[in-house]
Amino acid sequence: MNFEVVIGLEVHAQLLTKTKIFCSCSTTFGDEPNANTCPVCTGLPGALPVLNRRVVEYAIRAGLATNCRIAERSVFARKNYFYPDLPKGYQISQYDLPICEDGFLDIFVDGEQKRIGITRIHMEEDAGKLVHPDDYSGVSYVDYNRACVPLLEIVSEPDMRSSAEAVAYLKGLRDILMYLEICDGNMEEGSFRCDANVSIRPFGQEEFGIRAELKNMNSFRNVQRAIDYEVERQREILEQGGRVIQETRLWDADQNISRSMRGKEEAHDYRYFPDPDLLPVVVEPSWIEAVRKSLPELPQAKRDRFMAEYGLPAADADILIGSRPLADYFEAAAAAAGNAKMVSNWILSELLRRLNDDKGSIESCPVSPAGLAGLLKLIENGTISGKIAKQVFAAMYAEGNDDAAGIVKARGLVQIDDRQALEEIVRRVLAAHPDEVEKFRQGKTKVFGFLVGQVMRETRGKANPGLVNELLRRELEG
Amino acid sequence: MSEQISREQVRHVAALARLEMDEEELAAYGRDLSDILGYVAKLNEIDTSGVEPTAHVVSMETPFRDDERGESFSHEQTLKNAPQREGFYFQVPQVIE
């Protein structure tokens, strides 16, 4: 039987504020345990939460960037449950009146555009961190540094129909949050976390199947694998006449399987109610408009502009908009070099390859946009060949040296354009390879490449390739 | 017309609050909760159509604070009332899923 896959995603994005959502403790990651705590975030009796204005601003930014309606009045609620990482016995979240509702995000999969609905975005506090000692000692440790760190929970509609669509949505959403500079998007460290609700149903059936909630996927790759695994698992159950049960499953990336999280199945009863410590959050229309005006160009708009303004193919634009710093790097280099497509080619091949090898980021790239542009100009004006340029680029990158012309000069890499000198070398090469010359004249023109290579070798790659071609051809055919 | 709270409801609420209760207490709290809800139910006699629901007695907006660092507690202050600690951590009975 053929089944249709139905996926909805819940994303938790940690916000890049300096301080926590309801107190002035630092949000710094990696400090000593419990160094950034106070009566508010450890839930001492009598402590009162006071809302961080920037959290609201960031929520508005996220809402506007995902086409949501911003509520002028939203309400914080208590979500009640007991767990040692939750010092108050409740999490302050939003329930029936979230700050953003009814948005969408457009994704592209296999060249097709698809619109994914965003049900809501709300503000809430993170929980603390539990540490389990390796030895079985019957205890756990609790660090409340993360307690009360601001999160946005972004809930999608169950609009995705494949793991590829889910990953495209997540990437698009993460790009937006990073462009907005409200989340660092780090999935491994947990500042961008995702839970997936997955169910399947026979094609044509309107009603949704029973869903499983997948957790603990800390990379796009794991999201894709976990969903694919879950779809297969449910398919097998249904094909054998079984029933899927509603449960939470944890992905185990080492073994590529998911496991049921037992004990959590008992129906949740969070007894949400409006938090009496926090009054309704009122957002004036003027504030929303001010935030709207401050929004940066978003990834999809940039992609469209790169294609229209620079004539780049979609594949190039997709990679270049991958991060704001990379897009900025490209634009700066393109402005300095003039030839945008050439700049794009070099970034996508030489530059990103080296950065990936070094696990470096574009922000720490040893070659500046102006340096790259300077190098490309040397190719365009015929000072060096593209091949030599790669050598020069390697040196620039290794030495953090932006002066391409200086390197070319210092190492004697200037292209040999001297017709007479090259003619001599060409003749010498032909004299040294009579067999190949003979083959060429018998019509085996493939040896031409070999002969070009020999000339380049003689000149240590510096000969003007166009000229070498021309001279060789004339000698051979003439 | 007060709502009667069943023994099962009391048991459920007690379990959610991690409270242990014997049969006698379940019955007693069931009566108390029913009485309280019955008292509050008097409000239903008032016509509130056209009145916007509210969760607060004051009609104020929530105040904001700026995103500026303030003083945190020292480790000693934070961990002072911890029943058990290990280094700078709170120590609790093992919680493993």
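The model is a predicted one.

Chain A holds 15 helices and 17 strands. Its radius of gyration is 30 Å, whereas the globule rule gives 23 Å for 478 residues; the value is well over that figure, so chain A is more spread out than a compact globule. The C-alpha trace of chain A spans about 95 × 55 × 50 Å along its principal axes. Of the 478 residues in chain A, 40% are buried. As for contacts within chain A with a separation of 6 or more, 69% are between residues 24 or more positions apart.

The next part concerns the contact between the two chains. Chain A contributes 41 residues to the contact, and chain B contributes 31 residues. On the side of chain A that touches chain B, at least two residues come from each of β2 (51–52), α1 (53–65), β9 (129–131), β10 (139–143) and β17 (281–282). The largest share of that side comes from β10(A), with 5 residues. By residue class, the side of chain A that touches chain B consists of 21 nonpolar, 13 polar and 7 charged residues.

Strand pairing also links the two chains. β2(A) pairs with strand β1 of chain B, residues 64–65, in the parallel sense and over 2 bridges. Within β1(B), B:F64 is the bridge partner of A:L51.

Two residues of chain A remain, and the backbone angle phi is the topic for both. A:N67 is a residue other than glycine, yet its phi is positive, near 65 degrees. A:N67 sits in the loop between α1 and β3 (69–70) of chain A. How exposed is A:N67, given its C-beta neighbours inside 10 Å? A:N67 counts as partly exposed because it has 15 such neighbours, and a residue is called buried at 20 or more and exposed at 12 or fewer.

A:D102 is not a glycine either, and its phi is positive at about 60 degrees. A:D102 belongs to a strand, β7 of chain A, which covers residues 100–109. The C-beta neighbours of A:D102 inside 10 Å number 14, and therefore A:D102 counts as partly exposed.

Notes
Residues numbered from 1 in each chain as written. Chains lettered and ligands numbered in written order. Predicted model: local features only at pLDDT ≥ 70, side-chain atom pairs only at ≥ 80, totals over all residues. Contact = placed C-beta atoms within 7 Å. Helix = DSSP H or I, 4+ residues; strand = E, 2+ residues; numbered from the N terminus. Nonpolar A, V, L, I, M, F, W, Y, C, P; charged D, E, K, R; others polar. Pairing = 2+ DSSP bridges. Rg over C-alpha atoms; globule rule 2.2 N^0.38 Å.
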